[in-house]
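Here are my comments on the charged side-chain pairs, as you asked. Please read them with the model open.

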Amino acid sequence: MKKILFAFTMLLAIAACTNKPVTAVDNNEESTEIAFEVAKNYFFKNNQVIPEYPKIVSEEEFNKLFGMATTMGEDGKPTAIDFTKQFVLAIVLPVTDFATEINPVKVEEKGDSLLYTYEIKSGEKQSFSIQPVSIIVLDKKYENKRIVLVNEREINYFPAIDRYLADSIGSKYAKGEHCVPIHSIVRVDERNAEDILVWGDFWVFNYNQVGDTLKCVSGGSHPGLLHIRQTEKGFEVTSFDQVEDGSRYLPMAKKIFGDKYDAFQAINSDEKNRERLRAEVLATYAKKNGLAVTLYQDYGMPAKKLEE
């Protein structure tokens with residue numbers, strides 16, 4: 001299967017392709033610290049992919065990602081969470097054999113944003129592995145606020161993936177105002193922090209905003225295996241084993257994905273689910289970057305709604 005390339009002639013390419021950060025919070029606005037509760041005795045399920053965004057607003061989504069770790073004693077029960085009145089912010093780190101804690105510090109309301117400040121403390125190497133998790137529970141009246149994480153280091157490797165896809169791949173396409181990477185993760189191996197392996201179907205799209213619509217300028221599919229290294233400040237992609245196009249596509253895909261090839265094929269061939277994912281990612285991107293858009297559109301195709 002050949003990569004799908006969009007090489008549309010557009011004259012509105014104003015800015016270079018960048019993975020824009022969360023829109024800055026106005027420092028002139030007053031902030032108010034709000035109460036939260038730390039949820040205890042939950043674990044992250046090992047067959048799930050670490051979420052990119054910390055906000056979880058439904059019991060169904062929460063139960064898909066987390067399980068209960070009930071222990072003996074008064075404090076052994078998991079913290080009760082009522083999603084009709086509450087929502088959570090969950091931070092999950094990759095599996096590590098170093099003693100690691102995620103400590104919530106404070107949550108502040110500032111305009112239309114919630115600033116969540118936390119710290120990560122790393123200790124000595126252990127003889128066993130853990131997956132650090134921190135979950136805080138907040139009142140549902142703050143649910144529609146934009147979440148801004150405040151910490152010195154990245155909490156997972158998704159920003160590193162996005163930077164790599166934007167800088168190394170998206171920059172080679174016709175430029176647009178917004179570069180939006182999309183990844184369908186097939187499998188992750190986090191056992192070696194010096195070489196985290198992420199197999200996936202990776203897409204990169206460049207867009208220009210025209211009114212309330214993100215119009216696609218260029219983009220394409222880049223399946224393969226990313227190698228990621230964990231550093232003190234976060235993560236970086238060290239190399240990318242990419243499936244080539246043309247006659248080498250099938251043999252290279254089978255070699256790179258190995259026993260994960262069928263799972264990759266199922267994801268890669270599911271166009272309906274891919275479009276749903278693209279609408280969700282674009283909606284999140286628009287919200288994070290303060291874009292007044294409700295639609296996205298490929299060249300020569302009808303505009304589609306962003307996922308709310």
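1. Basis. This is a predicted model, in which local features need pLDDT of at least 70, side-chain atom pairs count only at pLDDT 80 or more, and totals for chains, interfaces and linings use all residues. Residues are numbered from 1 along each chain as its sequence is written, and side-chain values use heavy atoms, with hydrogens and water left out.

2. Total. The whole structure holds 14 salt bridges (a side-chain nitrogen of Lys or Arg within 4 Å of a carboxyl oxygen of Asp or Glu).

3. Asp 97 and Lys 125. Their closest N and O atoms are 2.4 Å apart. Asp 97 belongs to strand S8 (residues 96-110) and Lys 125 to strand S9 (residues 113-130), so the bridge ties together parts 28 residues apart in sequence. Strands (E, at least two residues) and helices (H or I, at least four) are DSSP runs, numbered from the N terminus. Asp 97 is partly exposed at 22% relative accessible area, while Lys 125 is exposed at 54% (buried is under 20%, exposed over 50%, partly exposed in between; 1.4 Å probe, protein chains only).

4. Glu 143 and Lys 140. This salt bridge has its closest N and O atoms 2.4 Å apart. Glu 143 is buried, at 17%; Lys 140 is partly exposed, at 27%.

5. Glu 280 and Arg 276. The N to O distance in this salt bridge is 2.5 Å. Both residues sit in helix H5 (residues 271-288), four residues apart, about one turn of the helix. Glu 280 is partly exposed at 29%, and Arg 276 is partly exposed at 36%.

6. Network. Salt bridges link Glu 275, Arg 278, Asp 298 and Lys 304 in a network.
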